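Visitor: I am new to this structure. Please show me how to read a few of its features.
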Amino acid sequence: MAPQHAPRICPLCEATCGLTLTIDGTRVTHARGDRDDVFSRGFICPKGASFGELDADPDRLTAPLVRGEDGTLREAGWEEAFDLVAARLRPMIEAYGPDCVGAVLGNPNVHTMAGQLYPPLLLAALGTRNVFTASTLDQMPKHVSSGLLFGDPFAIPVPDLDHTGHLLLLGANPLESNGSLCTAPDFPGKLKALRARGGTLTVVDPRRTRTARLADRHLAIRPGTDALLLAAVAHVLFEEKLTDLGRLTDLVDGVAEVREATAGFTPEAVASACDLDAGEIRTIARELAAAPTAAVYGRVGSCTVEHGTLTSWLVDVLNILTGNLDRPGGALFPLSATDRPPRKPGPGKGFALGRWTSRVGGHPEAKSELPLAALAEEMETPGEGQIRAVVAVAANPVLSAPDGDRLDRALAGLEFMVSVDPYLNETSRHADVILPPPPPSRSAHFDFAFNGFAVRNQVRYSPAAIPLEEGRPDESEILARLVLAAAGTPGASPEVVDEGVIDRTLATAVADPRSPVHGRDPRELSAHLTGLTGPERRLDLMLRLGPYGAGFAPNAEDAPDESADGESAASLPAQGLTLARLLAHPHGIDLGPLRPRLPALLKTRSGRIELFPAPLAADLPRLRAALAARPAALVLVGRRHLRSNNSWMHNVPALTGGSNRCTLQIHPADAARLGIEDGVRVRITADGGAVEAPAEITDAVRTGVVSLPHGWGHDRPGTRTTVASARPGVNVNQLLDGSRLDPLSGTAVLNGFPVTLTPLTGDRAPARTAHL
């Protein structure tokens, strides 16, 4: 049989590029960029090109593992594995209460269709408040600031990259990461196009990254001081009367309060703390205000610091003060095909923080989540509400969270653990049951999360490119059966989970006078849904009820479709978007450029943008105190690799070369001062302990700063990742004890924390040490 070709959305990072897979029998033999994809137009990065090798990784589990009476994991059948989950999980909940279970969700969940559809149902079935996700190691500050500003933690504006004239970028390196909370295939090309059309790119980063080298101006800021810089820029805008809110003027509360709050953050006052020139800060403010269109964008490096939420807030404060929020060429809110239709402007329910706190450390919840840094203490500390069992879905906190050694010990002491993971890794090795999902080629794909952050509205769906092996459940069935086990109904068919969601959604829709299906029979509507699986039927429902759908207009799903691939939104209003229409366009449907969405998007209690919310005002004294703080002599920041996405990619041989190395980058001046030579091993010590890594002397990192990448440390026993274990690297998060958190979001401070360095001689005896 000749090789077959199939389009597939890449699930390996946030860019969501379109791929064309070459399939020989049941194996992906090649992957290239899909030139017909309406979003990525053929762009591909090394991760996408390695799709076939990752898909066929021999270390991926193909059957469940269960822990026997002797304590070892052995391969088991699916029914045995699910029976064990049902026999252990629900009885524990009934004996100790729902909070005895900790739910841990990793970021791979947002990269799969099932990982977006089922975890909310699982959390509801468990009933626990002990929910921990990768968000508190990444973007939670942005969720919190957006919730406080706009009333919706998912209302996150993205830069209009294709049309902006000025981009101020903080703590982001999209030429390596491909973008984050800004879904943009070919981010490098978009930045080059910005400059080619006469625009300006300013990058704020303590490292001279590939992105910084492309910029018109690079500010090598002292790590962790981004909020001070942005507050000073806001101060200049007010001081020099450069603010212009444009059409948002009558929609924003709190402008005068922000002016007063930033009065003390002059460029001269923050210059020393940021280690930047005051005149350059003023120039940034003036250029931002003078640009015909501009956008400010901050990411991981500006979130995972001690003032992460204030930084995220100030990013949008600047977009608002310059009139660039919700404006073409500025920062706009995407409208995905599965979003809710625009609502009538007016007051909403708002967003609240700290509705409950963690049992041991008293950490306030944010977006119904607790800090992942607090997971270990919740497992270790006896008493009512102690976590005795963990359900981990696509999560590896032993590597991703602070103090993996402590987490390692705590997980080993659990009464029960179930892990949904394709690998026997540093975390799943503690599970009593491991349920492995199939490879991505055998799974359908739809980007529920990333379409909500895309720089252009579009919609694409990839059915499974290769059929599942007989008897193997897909990820949706695995998670649905886990939901049933948690709910105490393990004998029910997994189909009832999806049908229950469909029934509840339709019941709500027909009861809503604003809905296009108001007053209709839910059973009759359900019969119109297409799709071969429960997830496809749910997707069809969301598309029909979404902003580009036509509900269940008579015969809409049967309407002829004569448009070519790459159909635009112009042909959709009459017939509406459905799964059938999406399947007819395997390279996607372009829904057009981002457009203004305010005020309908706002869900604050006032129905307005609340520019100076009380929680942020209460945190500002902490930022003012940073002006007088004595900076540490040496701080550490992380870094991204183009060939890696956290720890996912380290077991793929094709991605092990190039810059994908676990080295400690250090400036030549610091290396000379400390007696460190290139390639020598260095002991790095901080709050949580010490690790050792080879030095890489480079002027790409500024003085006073060292850099160690995130996601390494594959040297623990009992794992099954052959390639990664051969080149384990070290776990940078072992340097943290979890005590450094951004208080508003509970996000771990992974960047800008103080360290000491000790170069090691051949016999590993310490030479000279850098003290704080």
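**Reading the model**

Visitor: How many aromatic pairs are found in the whole structure?
Guide: Rings of Phe, Tyr and Trp (its six-membered ring) pair if their centres lie within 6.5 Å. A search of the whole structure finds 5 such pairs.

Visitor: What ground rules apply?
Guide: This is a predicted model, where local features need pLDDT of at least 70, side-chain atom pairs count only at pLDDT 80 or more, and totals for chains, interfaces and linings use all residues. Residues are numbered from 1 along each chain as its sequence is written, and side-chain values use heavy atoms, leaving out hydrogens and water.

Visitor: What is the mean pLDDT of the protein?
Guide: pLDDT is the predictor's confidence in each residue, from 0 to 100. Here the mean is 94, and 96% of residues reach 70 or more. Over residues 557–571 the pLDDT is below 50. Over residues 763–772 the pLDDT is also below 50.

Visitor: Which ring does the charged end of Arg388 sit over?
Guide: A charge sits over a ring if NZ of Lys or CZ of Arg is within 6 Å of the ring centre and within 35 degrees of the ring normal. Arg388 sits over Tyr96, 4.0 Å from the ring centre. Arg538 sits over Tyr118, at 5.2 Å.

Visitor: Is His650 buried or exposed?
Guide: Buried means under 20% relative accessible area, exposed over 50%, partly exposed in between (1.4 Å probe, protein chains only). His650 has 4%, so it is buried.

Terms used: Phe/Tyr/Trp six-rings, centres within 6.5 Å; stacked < 30°, edge-to-face > 60°. Contact = heavy atoms within 4.5 Å.
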